[in-house]
Protein chains: 2
Amino acid sequence: MKLEMDREELKRLLLYGSQKGIDEIIEDIHPADILDVLHEIEAVDVIKILHRIPEWLIAEVIDEEDDEEKYALLVNFSEKKQKNILKEMSSDEIADLLGSLDEIESKRILDNMPVEEAEDVKQLLTYAPDTAGGIMATEYISIKENMTVKETLKYLQKVAPNAESAYYLYVVDEDEKLKGVVSLREIVVSPFDTIIIDVLNSNVISVHHDMDQEEVAHRFEKYGFLTMPVINDEKQMLGIVTVDDIIDVLRDETTEDIHRLGGVGESEKVNGTLFESVRSRLPWLFVNLLTAMLASATVSMFEGTISKVVILATFMPIVAGMGGNAGTQTLTIVVRGLALGELNFENAKKIFFKEIGVGLTNGLSVGICISIIGGLWSGKPVFGLVIGLAMILNMTVATTAGFLVPLTLKKLKIDPALASAVFVTTATDVLGFFFFLGLATVFIQYLI
Amino acid sequence: MKLEMDREELKRLLLYGSQKGIDEIIEDIHPADILDVLHEIEAVDVIKILHRIPEWLIAEVIDEEDDEEKYALLVNFSEKKQKNILKEMSSDEIADLLGSLDEIESKRILDNMPVEEAEDVKQLLTYAPDTAGGIMATEYISIKENMTVKETLKYLQKVAPNAESAYYLYVVDEDEKLKGVVSLREIVVSPFDTIIIDVLNSNVISVHHDMDQEEVAHRFEKYGFLTMPVINDEKQMLGIVTVDDIIDVLRDETTEDIHRLGGVGESEKVNGTLFESVRSRLPWLFVNLLTAMLASATVSMFEGTISKVVILATFMPIVAGMGGNAGTQTLTIVVRGLALGELNFENAKKIFFKEIGVGLTNGLSVGICISIIGGLWSGKPVFGLVIGLAMILNMTVATTAGFLVPLTLKKLKIDPALASAVFVTTATDVLGFFFFLGLATVFIQYLI
């Protein structure tokens with residue numbers, strides 16, 4: 001027995017199967033799998049398949065597609081069919097589609113929609129895209145507290161909600177103010193004559209429409225909900241955020257953080273074009289060139305010393321490299337801690353002192369080790385002392401900078417992942433060379 | 001009107017409110033909020049609160065707590081009460097609890113459980129923790145295809161499933177083999193006399209119990225499900241994975257990647273102890289010390305050249321630093337692309353040539369720029385040529401290494417995030433210095 005249809009089988013069915021064969025199975029096929037097939041085949045076959053599947057499914061396939069590609073799927077159809085497809089899409093899905101279009105295309109689509117739904121979409125487009133309002137759907141089930149379980153079930157059978165909005169029913173008063181929540185499970189396991197007010201949870205955890213999507217995601221992580229209601233200042237219910245959108249938010253936000261920490265554009269794609277990659281990375285390389293020149297300028301101040309004790313040049317990569325590594329370590333922990341909400345301005349002081357302690361401890365360990373190596377390599381104990389001392393100083397500076405830089409950026413409301421690495425490595429390069437070559441200059445008489 | 005109770009209010013209620021007051025509201029309080037209160041107060045108050053809330057809620061609070069801390073909550077109670085609390089916990093929650101205990105403690109807990117449930121837990125403990133089997137719950141609703149909607153609803157009222165397992169009902173045959181799935185929503189909107197076989201989806205997307213949890217997470221991302229069934233080789237249903245566990249998986253896996261890219265232990269906590277931080281980071285610093293010494297050894301080969309042209313020391317940080325940055329950029333894109341499944345062995349070749357192109361393009365841009373700066377700074381055009389050429393070579397090597405190293409590790413089934421950075425920066429340091437100082441040695445007569 002085979003549970004899942006594989007992609008080749010699905011492709012054959014959609015392209016060459018009878019219409020009857022398709023109709024029989026199509027309800028059981030996930031739109032994401034159909035989209036996979038469409039991505040693999042020629043344009044002419046894409047159109048063939050799109051015309052063999054029902055309108056509700058086309059709407060779902062469009063919803064699965066990347067925002068920038070959605071429109072290309074839709075325009076394969078006549079005006080009338082486009083209208084039907086749009087009817088099957090929820091307001092937030094249409095808002096996502098419009099987000100990537102120019103004004104003329106947007107207007108054409110809005111004109112093709114019933115007035116009331118077009119208003120919903122326009123309203124959604126007023127929220128910033130990375131807030132609760134920007135990711136919410138306006139399709140949700142709201143009921144009144146004096147309804148019975150039986151009335152609720154009848155109502156559900158009438159409106160036949162889509163899957164993602166059916167699992168929690170929100171109880172609102174006559175002013176649309178949120179009063180409580182009942183889960184579908186609760187409805188199903190309660191006797192028919194139960195009044196909603198007896199089973200509702202009135203301590204509803206909700207989010208305001210301008211809450212940042214990352215904070216919304218933290219709430220989902222904390223509470224494990226499937227959907228969460230979005231409210232305005234008057235506590236009126238505006239929509240719901242669903243957990244599958246939150247998974248996308250989490251993925252995008254962490255990709256952004258990882259990219260920024262690595263000095264590449266936040267939205268660069270591994271399978272993008274050469275030009276996109278160059279545009280995403282070259283600006284950062286030039287920023288780094290500038291900061292590297294600061295390090296060079298520091299070294300150039302000590303050219304006299306280096307020309308007398310050339311082994312200093314040999315050990316330069318070690319001092320700067322180790323400082324950079326120690327700084328990156330602290331930076332990594334701090335940026336991730338901020339993103340997860342585990343580090344905040346309340347516990348920052350305690351963690352700061354810990355980081356200085358880590359810098360000193362690791363600096364001492366590495367410093368003693370490198371001072372022995374340096375002493376033996378050069379044959380001069382004082383050289384060992386110089387590089388060991390420089391290492392301890394630089395690694396302590398590194399952890400301090402690795403901590404203070406991202407927290408300062410956070411305080412200034414700049415993404416701490418964005419520019420931290422540049423500042424931290426500049427600090428460790430410049431000060432690392434300064435400590436090492438400066439100490440060498442002080443003790444030059446013992447090094448020649 | 002206030003929707004949510006704030007933490008101070010909740011703390012006061014739990015500590016000083018009447019038992020009646022607590023009982024009235026307690027069903028509406030989320031266990032995560034109670035855990036927040038427990039984390040803020042003294043041990044004696046923790047015990048006081050734990051004895052004022054019902055056993056089912058204690059079980060939920062324990063489930064919210066970090067695995068290593070769960071046991072400390074449980075042992076506050078008498079043997080008998082512990083037994084009752086364990087009864088309220090699902091098998092996967094108990095398995096999580098046991099995961100952090102020694103053998104004697106584990107045995108004591110298993111002995112305190114009904115034999116059948118203890119067997120379930122023992123079975124769960126046999127799956128690797130980072131597989132579908134390791135994160136699944138064995139509590140799920142299974143029905144037969146010849147049941148009616150009404151019978152199904154009655155069955156649900158009888159078993160009163162917990163919220164997370166109720167949203168999909170899995171249809172199995174007499175051998176427990178998975179045959180299809182029906183959503184609770186479908187049950188609710190269908191007439192009572194509908195036979196399950198008429199509404200079930202037989203194209204069930206399932207996961208095998210030994211599938212890596214990261215791959216399971218990709219399936220959730222792709223399909224947007226709330227739960228997914230876990231099966232064995234015989235297609236028998238073993239359990240379900242729920243989306244809230246997947247959110248935890250995604251968070252932990254990305255934290256692991258970010259930490260590994262930054263050279264810190266995968267499970268270091270920003271609010272951990274100094275000792276934990278040192279233990280997490282010092283090994284990596286010593287690995288880096290070894291690789292930095294390779295770079296130093298390369299430089300030391302050219303001490304003769306540097307002593308004659310000391311400006312080479314000044315420009316050393318630029319060549320190595322820029323190569324390191326370019327390598328880190330490619331590495332970041334590649335590691336994240338592998339984690340998201342956007343880069344695989346199928347499209348790797350195409351992306352490889354793009355990366356070499358990016359290296360050459362960025363290398364040329366930065367190389368021309370630095371060659372002008374170097375020429376002006378030193379007053380010697382050949383010096384500009386040397387550093388410019390070294391830059392182009394090193395940045396091309398950097399993107400090549402940044403691409404090949406993580407892909408090779410992936411092929412060897414080692415986490416590409418783990419050791420890539422060390423290899424890549426070693427390559428860019430050693431080769432960067434070799435190109436720069438080597439070229440300078442070749443052209444030495446024009447540089448003096």
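Mentor: Let's begin with a pair in chain B: the side chains of Arg7(B) and Asp36(B) form a salt bridge, 3.5 Å from N to O. The two sit in distant parts of the chain, with Arg7(B) in helix 1 (residues 7-16) and Asp36(B) in helix 3 (residues 31-40), 29 residues apart. Keep in mind that this is a predicted model.

Trainee: What makes the pair Arg7(B) and Asp36(B) a salt bridge?

Mentor: The rule asks for a side-chain nitrogen of Lys or Arg within 4 Å of a carboxyl oxygen of Asp or Glu. Arg7(B) and Asp36(B) meet at 3.5 Å, so the pair passes.

Trainee: And is Asp36(B) buried or exposed?

Mentor: Buried, because its relative accessibility is 18% and the cut-off is under 20%. Arg7(B) has 38%, so that residue is called partly exposed, the label between the buried limit and the exposed one, over 50%.

Trainee: How do you know that Lys122(B) and Glu119(B) are about one turn of the helix apart?

Mentor: Both lie in helix 10 (residues 115-125) of chain B, 3 residues apart. An α-helix has 3.6 residues a turn, so residues three or four places apart point the same way. Lys122(B) and Glu119(B) form a salt bridge too, with the closest N and O atoms 3.7 Å apart. Lys122(B), at 40%, is partly exposed, and so is Glu119(B), at 43%.

Trainee: Which helix holds Glu256(B) and Arg260(B)?

Mentor: That's helix 16 (residues 243-261) of chain B, where the two are 4 residues apart. Arg260(B) has a relative accessible area of 13%, so it counts as buried.

Trainee: Why is Ser280(B) called buried?

Mentor: Its relative accessible area is 13%, and the label needs a value under 20%. Ser280(B) belongs to helix 17 (residues 274-300) of chain B.

Trainee: What else does Lys222(B) link up with?

Mentor: Lys222(B) belongs to a salt-bridge network with Arg7(A), Glu8(A), Lys11(A), Asp33(A), Asp36(A) and Glu40(A). Lys222(B) is also among the contacts of Glu64(A), a residue in helix 5 (residues 55-64) of chain A.

Trainee: Why is Glu64(A) called partly exposed?

Mentor: Its relative accessibility is 30%. Buried would need under 20% and exposed over 50%, so Glu64(A) lands in between.

Trainee: Last one: how do you know that the span of helix 20 of chain A is close to the expected one?

Mentor: Helix 20 (residues 348-378) has 31 residues and reaches 42 Å from first C-alpha to last, against 45 Å expected at 1.5 Å a residue. Just after it, Gly379(A) takes a positive phi of about 75°.

Key:
Residues numbered from 1 in each chain as written. Chains lettered and ligands numbered in written order. Predicted model: local features only at pLDDT ≥ 70, side-chain atom pairs only at ≥ 80, totals over all residues. Heavy atoms only, no water. Expected span 1.5 Å × (residues − 1). Buried < 20%, exposed > 50% of the residue type's maximum accessible area, 1.4 Å probe, protein only. Contact = heavy atoms within 4.5 Å.
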